There are 2 protein chains.
Amino acid sequence: MFIAMNRFRINPALEEEFVETWRQRESYLDEVPGFQSFALLKGPCFNDYVLYASHTIWESKDAFEAWTESEAFRKAHAQRSAPQGTYLSGPQLELFEAVLT
Amino acid sequence: MFIAMNRFRINPALEEEFVETWRQRESYLDEVPGFQSFALLKGPCFNDYVLYASHTIWESKDAFEAWTESEAFRKAHAQRSAPQGTYLSGPQLELFEAVLT
């Protein structure tokens, strides 16, 4: 099992728009070999930002890497982004390999 | 869905012992209501540490919080830890609520 998390610091004033943009986004992930699950996660709130992370589970690192070079990836990332000022920092990509399950 | 991640910076020289300690650990999680899955994740390697994270998926935040006050939690955390010097920092607990799946 392989997990890819993309962490974002989101402007608290634009949080609803941020989630709505993700809700309306077509991920094209269901067609991708080795893809297992997706979630948009809300983490802790701070004074000046809210931590969010996209969280995808893959069969393997190879499956994840193949997706980043696929047409499904290109199409997913060509969509409308959230309003300017939404992302205070990030995305910060963190990749994890499961060593015990 | 609720995800609890505990991040640790691990001494690269003691990485094998760290994983072995987790392998031998009895988590007692299977008996816990609302528990869905566990993984020990290996993240990126840096010059002076390797990022690891324990990753548990729960039905809800309530299920996670009930576990932290349970006998199963107490028993799991009363076990032998990794050798001194293994943990360079952490655990840093991060909690995430799924807002889209």
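Arg74(A) forms a salt bridge with Glu71(A), and their closest N and O atoms lie 2.8 Å apart. A salt bridge here is a side-chain nitrogen of Lys or Arg within 4 Å of a carboxyl oxygen of Asp or Glu. The model is predicted: local features need pLDDT of at least 70, side-chain atom pairs count only at pLDDT 80 or more, and totals for chains, interfaces and linings use all residues. Residues are numbered from 1 along each chain as its sequence is written, chains are lettered from A in the order in which they are written, and side-chain values use heavy atoms, with hydrogens and water left out.

Helices (H or I, at least four residues) and strands (E, at least two) are DSSP runs, numbered from the N terminus. Arg74(A) is partly exposed at 47% relative accessible area, and Glu71(A) is partly exposed at 44%. The classes are buried (under 20% relative accessible area), exposed (over 50%) and partly exposed in between, with a 1.4 Å probe and protein chains only.

Glu20(B) forms a salt bridge with Arg23(B), with 3.0 Å between the closest N and O atoms. These two residues are 3 apart in helix α1 of chain B, so about one helical turn separates them. Glu20(B) is partly exposed, at 31% relative accessibility. Over all chains, the whole structure has 9 salt bridges.

Now go to the interface. The rule finds 2 salt bridges across it, between chain B and chain A. In one salt bridge Arg7(B) pairs with Glu94(A), the closest N and O atoms being 2.8 Å apart. Arg7(B) and Glu94(A) are both buried. On the side of chain B that touches chain A, the elements giving two or more residues are β1, α1 (15-24), β2, β3 and β4 of chain B.

How many residues are in contact across the interface? The count is 27 residues of chain B with 27 residues of chain A, where contact means heavy atoms within 4.5 Å. The area buried between the chains is about 2,000 Å², and carbon and sulfur atoms give 71% of it. Buried area is the accessible area (1.4 Å probe) that two parts lose on being put together, summed over both. Phe96(B), Val99(B) and Leu100(B) supply 30% of the area that chain B buries against chain A, more than any other three residues.

Next, the symmetry. Chain B can be laid on chain A with an RMSD of 0.0 Å, by a turn of 180 degrees and a shift of 0.0 Å along the axis. The two copies are thus related as by a two-fold rotation axis. The same surface serves both copies, as 100% of the contact residues of chain B recur in chain A. The superposition is by least squares on the C-alpha atoms of residues with pLDDT of at least 70 in both copies.

The largest nonpolar core has 20 residues, and Met5, Leu41 and Phe96 of chains A and B touch the most other members. Such a core is a set of buried Ala, Val, Leu, Ile, Met, Phe, Trp, Tyr and Cys residues joined through side-chain atoms within 4.5 Å. Beyond four places in sequence, Phe96(A) contacts residues including Met5(A), Met5(B), Arg7(B) and Leu41(B).

Finally, Ser54(A) lies in strand β3 (residues 50-58) of chain A. Ser54(A) is buried, at 11% relative accessibility.
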